[in-house]
Amino acid sequence: RFISVDIFRANSAKMIQYPPVRRDETFFETIHGCSVPDPYRWLEDPDSPETAKFVEEQNKLTDSFLSKSSFSQTFKERLTELMDYPKFNTPFRAGSRYYYSHNTGLEAQNVIYVQKSINEEPQVFFDPNKLSTDGTVSLSNFQFSEDGNYVAYGLSEGGSDWVSFRVIRVDETNEGKITATNLEDHLKWVKFSSLSWTHDNNGFFYNSYDPPTSVSDGTETNINLNQKVFYHTLGTPQAQDKLVARFPENPKWLTGVQVSDDGLYGLITPSEGCDPVNRLYYFKIESLKQGNIDIVKIVDTFEAGYEYITNNGSVFFFRTNRNAPKYKIISIDFENPEERNWIDIVQENDDVLEWVSCVYNDYLVLCYLKDVKNVLLLFDLKGNKINEFPLDIGSVIGYSGDRKYSEIFYKFTSFLTPGIIYQCDLANSNSGKDLNPVVFKRTEVKGIDITRFQTEQVFYPSKDGKKIPLFIISRKDEKKDGKSGALLYGYGGFNISLTPSYSVSRLIFLEHFGGVSAIANIRGGGEYGEEWHKEGSLSKKQNCFDDFQSAGEYLIANGYTSPSKLAIMGGSNGGLLVGACINQRPDLFRCAISQVGVLDMFRFHKFTIGHAWISDYGSADDPEQFQVLKRYSPLHNVDKTKKYPAVMLLTGDHDDRVVPLHSFKFAATLQYELGKNVDQPPLLIRVDTKSGHGHGKPTQKIIEEATDTYAFIALSLGLTFV
């Protein structure tokens, strides 16, 4: 079937009428001597009737625009068909039992299953879908006690970062059925929390904030300060939880807490922003019972990161970037903690050490990132390399292993592989020399021929000549005549790497629209370690935008697409990327999708957890950093003299990570500055309800959002659904 959209595309921009949005032309503030207008400051109030009216009218406009698409229903049906496949996450062991999450296909949330042994028939253990009728209550922070007889878990409503903790007792009937009994324990005001059990199975450490003085359901914008560490004893009310650590002199700190493998130590790791750096403190678990917790400071600066791996008595092993931007493994003897006594166990090399796990007594599993593809290695605790696990070109997106057990599980994926879970038992590996991982679960997606597609990785020059990796996924019969629609995706921030991943909607774009999908691994991410990250942050943030724009130029120059057929997309920090790039190079793109984007760079740090992003962005409170932010802040750099691509902003009313006011104010500004131009393509915003930053989004909402997103892209690029 062929569905043409050319006529609609040609006339849509002229027909669109934007709803009136009040501008307060009198509102200015002075920042370091610079007068900054903020005519839509009133949109920062999520509870005002005027903001509610803005959302209602904007959604009505967007729905009206998208309803004219003649293929949306066809796309939605095809996406639903291809999303309806069984999805498995990596199994893990807790006590004598095995657990894994599974979705039969279109369930709103994944269901937790349990098996008494890895080969026995699974039973449903916990089904979050029973907690709400619309699937918007999701599971997080699922952690078992040391003996496996209790599990503490978090629930989030509507995608909010706020979580409430509850506890389940695990029992087994005489008939062998495993049951889950909810206890009365209920912990509130939990956000960005650790969760770690003491080995006596009597309770766990976690983080929470003081109860808010106003409504806090995920729609609020109040800044999050003064996180604390508590210890909760099972069977007691939250009011009796023991305060373990707080740092009132540093209200922006986020404080990780973890019990050591031997159960004797508690590690406290304060961080202040999103940089991969933390301080390193510890206390003896026995002091918890004595009521006098003595916190010892091993590292009391934010110069490097220290990620706990395991310990032998007082000798602790850490993954660190201390004098190693691509990371290494060191040991620190807490009895002699001076840095001159630290020992390098595994030296830094040319690849990025992403994570390390200690398994089966004294083995280490190391996951490296080599040119944005994962490599999995086996070492011993002395730092000797033993072997390499066989792995195709792609990503390890799931792993489970424990020092107590000999078996590990890991999940592999790629752009064309939905998922393969491997099981490997080190007890039968000839001391690691003969690794024989077996396929535990292989995900199959019916209804689409993967062999028709191909993936390539190229390295293109950015504006300053730096070589940037770019993944390109296309049909094998791609002609490279510049006539194909292309979707370029990027992130570029917070040390986060965009590794190969499987996407059904991406494959539909390739199969039915003849499109090309590209993922640019621009600076600011973690693809090549901390130096790569720093090259795209603070005063060097412009490198991210240059890298992304250069990716678009590469796709055009090499015949994959043309400016009239190129769309860009990014979420969160990637939404900032999209916003900055359409301001700087509106001529390069025909369509732009900014998902839950950070768009007001003068005020982001004043809301919820935004202060943690100062490590990447800087702050308008600093005179020098303000000058940098002023040059690229999307909200403050809209150029009304230029024709912009079609733009759709996506946000959620319960996004308390990047609060929706960013998208509200940017949408209003775009429509005011550009909306009266006759040839200006649409400038729209889609505000989802009972939806947050992305975590825990139910399957149906994922399908609906993808349908609207690709409908907008196809309409904007004049693509045909085949």
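Let me start with a term: two strands pair if DSSP finds at least two bridges between them.

Hello everyone! What we have here is a predicted model, where local features need pLDDT of at least 70, side-chain atom pairs count only at pLDDT 80 or more, and totals for chains, interfaces and linings use all residues. Residues are numbered from 1 along each chain as its sequence is written, and side-chain values use heavy atoms, with hydrogens and water left out.

How confident is the predictor? pLDDT is its confidence in each residue, from 0 to 100. The mean pLDDT of the protein is 95, and 98% of its residues reach 70 or more. Over residues 1–13, though, the pLDDT is below 50. That stretch has 34 contacts in the model beyond near neighbours in sequence, a contact being heavy atoms within 4.5 Å. Please be careful there: where pLDDT is low, the predicted coordinates should not be read in detail.

Now to the strands. Find β20, residues 306–312, which is joined to β21 by six bridges, with the two running antiparallel. Across this pair, E307 stands opposite R319 in β21. The hairpin of β20 and β21 has two residues between the strands, and G313 takes a positive phi near 65 degrees in it. On to the next partner: β21 also pairs with β22, residues 328–333, in the antiparallel sense over six bridges. There F316 stands opposite I332 in β22.

Is β21 buried or exposed? Buried means under 20% relative accessible area, exposed over 50%, and partly exposed in between, with a 1.4 Å probe and protein chains only. Five of the six residues of β21, residues 315–320, are buried, so this strand is largely enclosed by the rest of the structure.

Six bridges join β8 to β9, residues 150–157, and F144 stands opposite V151 in β9.

The other sheet also has four strands, in the order β24-β25-β26-β27, with antiparallel pairing. At its edges stand β24 (352–359) and β27 (385–388), each with a single partner strand, so one side of each is left without a neighbour in the sheet. Inside it, β25 (residues 363–370) and β26 (residues 373–380) pair over eight bridges, with V365 opposite L378 in β26.

Let's move to the helices. Helix α5, residues 504–513, has 10 of its 10 residues buried, so it is largely enclosed by the rest of the structure. Among the buried residues are R506, E511 and H512. What covers them includes α3 (72–83), β33 (467–475) and α12. Just after α5, G514 takes a positive phi of about 60 degrees.

Helix α11, residues 661–674, has 14 residues and reaches 20 Å from its first C-alpha to its last, close to the 20 Å expected at 1.5 Å a residue. That expected span is 1.5 Å times one less than the number of residues. In α11, 12 of the 14 residues are buried, so this helix too is largely enclosed by the rest of the structure. Its cover includes α2 (49–67), α8 (573–584), β38 (646–652) and β39 (683–688).

In the loop between α11 and β39 sits G675.

Finally, the cores. A nonpolar core is a set of buried Ala, Val, Leu, Ile, Met, Phe, Trp, Tyr and Cys residues joined through side-chain atoms within 4.5 Å. The largest has 120 residues, and those with the most contacts inside it are L470, L488 and Y617. Helix α12, residues 699–717, gives the most to this core, with nine residues. Apart from it lies another core, of 18 residues, among them I345, V352, L353 and C358.

Technical notes:
pLDDT is the predictor's confidence in each residue, from 0 to 100.
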